Amino acid sequence: MILDGKCPKGPIQTSWDRHRFDMKLVNPANKRKYKILVVGTGLAGGAAAASLGELGYNVEAFCYQDSARRAHSIAAQGGINAAKNYPNDGDSIYRLFYDTIKGGDFRAREADVWRLAQVSNDIIDQCVAQGVPFARDYAGYLDNRSFGGAQVSRTFFARGQTGQQLLLGAYSALSRQVKAGSVKLFARTEMLDLVVVDGEAKGITVRDLVTGEVRCHVGDAVVLATGGYVNVFYLSTNAMGCSVTANWRAHKKGAFFANPCYTQIHPTCIPQSGEHQSKLTLMSESLRNDGRCWAPKKAGDNRPANEIPDEDRDYYLERKYPSYGNLAPRDIASRAAKEQCDAGRGVGPGGRGVNLDFADSIKRLGEDTIRERYGNLFEMYEKITDENAYKVPMRMYPAPHYAMGGLWVDYNCESNVPGLFVLGEANFSVHGANRLGASALMQGLADGYYVIPYTIANYLAKIKPGTVKADNPECKKSIEDVKGATNKLLAINGKKTVSEFHRELGKIMWENVGMARSEQSLKEAIKKIPVLREEFWKNVKVTGTGVELNQELENAGRVADFLEFGELLAKDALHRKESCGGHFRTEYQMPDGEAMRDDENFCYAAAWEFKGVNAEPELHKEPLTFDNVHLAVRSYK
Amino acid sequence: MNLILHVWRQKGPKEPGKLEQYEAKNVSPDQSFLEMLDEVNDTLIKTGKDPIVFDHDCREGICGMCSQVINGVPHGGQERTTVCQLHMRKFKDGDAIYIEPWRALAFPIIKDLIVDRSAMERIIQAGGYTSCHTGGVADGNAILVPKPVADYAMDAAECIGCGACIAACPNGSAMLFTSAKVAQLASLPQGQAEAAERVCNMTDAMQANGFGNCSNHYECQAACPKGISVKFIAKLNREYQKALFK
């Protein structure tokens, strides 16, 4: 099937404005008759639930954490982009649009990206009004910093905790609606199934994580804002609870999964210290503003970093990409670091690390300035590694960080299942094959504050509210299915723990479907994953019962989904016989090692339809057309 | 290194709880505290025992989910550090470690080390926001915020809502938590319009939800993983006084 993204036709500059006018509205008095279920309370979900509640809809919001304020958006450090052009350095909506399309290696929809760039400025204003304490200069104006993949300073920030501050802004707006009674919040509640009635999304089945109660919530539309899936690699910068579960269960109920192979490996993360490691910690990309990446020129040079003179150092990003230097986009910086380590020039335990050196900046600006800009990051680095980065360079290695792929949605953020909307990292829409730094926060809030409030009305205006009741047979069946799966997990009583399986899957994924992929490695993964999955369902040990707080059971369900999803990710990567952005196939590279796209054959979004756990998924294509940006080889040299 | 753990185990809110003893063997100094517990749990699961449940999520010290009292101190006593960022190099071979949940009247225990912190949510819901609508707000630069004011607001806004301040307080008071939000919003021009109403509503919610009063022990500041200062409590008191005479 050829998919239609339903983008507005005509000049892109006015596309969102015209579309907003063309969409249907729901009359204020009728809004309260519609119930909307919002799953996830991060930037996208929190902003959506707050905005929809404020408009007068009847909203129910769900999160697995004990508070909506803890969603993993909170961990974003560096900043949020907007095309304000406050620094007068040549920024514009068009440039933000262009940088995002190019940064995504020409694999995103133009219209969606234009809208994102257009509303980016409103987001900053909204957050300021909420009391987000963005960095200011001495005159009281908003301050900006630079970020990777852009030659202008367009990133707004709140120290090294921008994600936290923006999320707390959305959380405060949400709390206001909870108080007003327009949003009902269900914390410690996990979505385990999507209820589809007559082809439309009408509810979700959830498990109360405290009591174990499985119940169905029905509504007139479902909004998934459930984040990304890179915990499929086991070690990633995501929170421990981040999973593909909500998306995967929706996928199994008919929603197409688009571009799962587009995963972002972030260049600056603290290297792994041992087998015991449960997660990896990211150090903000903003560090590359003042830190210089280097590796020793000679393989096996074991001298301490400070004893290696400048002439024996290779500032490889500055050498290879002189115009962007240390601010090359993430996919390029990650591969460059891997290249250094693969050639034996890595530093630290196991040689899996490169230096990020602040000595020059400290000499130029003084330690106090560096402390003011990145103090919390240096502190975090010291807690984890026991090293003082004001004195010795940080050691960095790439780690899975973000998923550009996600459920397929059209321009309205609606999936192919009518009534199912997908926002933020959970959808696939704007980042193409690689996301630029400080764009995730922008997308989450854009979708939540400025897109869904308009586009959901267009759907709701066409349906009658409250047609599906809780006693619908589909709800009963869904509850039975979820209970059945829970009981099955508990009954296995095997020998291996859930985390052992997760580690094994992560190893398969990282080695074969990680930063560099080949036909051979992908086929290897596709062979190994089903074997591991089969073993999981025979040999996993989950203690306790389903009717209590049971973290092993929660985790078992999530890992079971990763064991299915990982295979799809590998299959998508195998089918995409090109290199683009975060998807790097070793067979398809330029003589200088840069990614080689194949626009003739792969200029499309790949949306996969679920056909059964051990069955081949069906591929649907949405062709991508570029009318406003010239398809070109991406160069940061 | 090898350690002896004494861990609070409690099946449910109404069940009696007690400390149980476990061994943690071959612990690496580079492990985080929670990774050490993960390994203890894996051993428990393999012997058919229920693992220790504890709240955790981001494991990088920002989500505020982790909440353990270690050797009598919330988050374990390393300055400005959450449990998830505490590393085993801070302990010695043979150490006995006591691990308990947050203890406060307003935080009923759900199971083992997990407590119910929804009382903190209700404080925020009572007024921890500016009542701005989505859309239709002024340009971000329309109202200037001098840098020292923005910095002061940011110092307060760093609160991660973990509740360590409440667990550390002999009165189970939520003054530091509440004051951080009050001070953030009261210092910024955007929060001025509702400042008086906000401080009264949030203070009332604090009292209605089972939190005690502040009697200046400053244990909250010592336990806070983000180093939130008690000066914000003074700010709350001042805002409250101002509101009363308005």
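This is a predicted model: local features need pLDDT of at least 70, side-chain atom pairs count only at pLDDT 80 or more; totals for chains, interfaces and linings use all residues.
**Chain A as a whole**

Let's start with the overall build. Chain A has 17 helices and 19 strands. Its C-alpha trace spans about 75 × 60 × 50 Å along the principal axes.

Of the 637 residues in chain A, 62% count as buried. If you take the contacts in chain A with a separation of 6 or more, 74% of them are between residues 24 or more positions apart.

**Two residues with positive phi**

Asp386(A) has a phi near 70 degrees, which is a positive value in a residue other than glycine. You'll find Asp386(A) in the loop that runs between helix H11 (367-385) and strand E15 (394-403) of chain A. Ala438(A) also has a positive phi, near 70 degrees, and is likewise a residue other than glycine. Ala438(A) sits in the loop between strand E17 (420-422) and helix H12 (440-460) of chain A.

Which of the classes, buried or partly exposed, does Asp386(A) fall into? Asp386(A) is partly exposed, because it has 13 C-beta neighbours inside 10 Å. Ala438(A) has 28 C-beta neighbours inside 10 Å, so it counts as buried; the cut-off for buried is 20 or more.

**Domains, chain by chain**

| Chain | Domain 1 | Domain 2 | Distance between C-alpha centres |
|---|---|---|---|
| Chain A | domain 1 (267-398) | domain 2 (479-623) | 31 Å |
| Chain B | domain 1 (3-111) | domain 2 (117-244) | 29 Å |

In chain A, 5 residues of domain 1 are in contact with 4 residues of domain 2. On the domain 1 side, helix H9 (residues 330-342) of chain A gives the most, with 4 residues. By class, that side of domain 1 of chain A divides into 1 nonpolar, 1 polar and 3 charged residues.

Over in chain B, 18 residues of domain 1 are in contact with 18 residues of domain 2. The domain 1 side of this contact in chain B has 10 nonpolar, 6 polar and 2 charged residues.

**Where chain B meets chain A**

Now for the contact between the chains. It takes 65 residues from chain B and 65 residues from chain A. Which elements of chain B each supply at least two residues to the side that touches chain A? They are helix H1 (33-46), strand E6 (109-111), helix H2 (118-125), helix H3 (147-157) and helix H5 (175-187) of chain B. H1(B) provides the largest share of that side, with 7 residues. Sorted by class, the side of chain B that touches chain A holds 25 nonpolar, 22 polar and 18 charged residues.

Terms used
Residues are numbered from 1 along each chain as its sequence is written. Chains are lettered from A and ligands numbered from 1 in the order in which they are written. Two residues are in contact if their C-beta atoms, placed from the backbone, lie within 7 Å. Ala, Val, Leu, Ile, Met, Phe, Trp, Tyr, Cys and Pro count as nonpolar, Asp, Glu, Lys and Arg as charged, and the others, Gly among them, as polar. Domain bounds come from an automatic or database domain assignment. A residue is buried if 20 or more other C-beta atoms lie within 10 Å of its own, exposed if 12 or fewer, and partly exposed in between; C-beta atoms are placed from the backbone.
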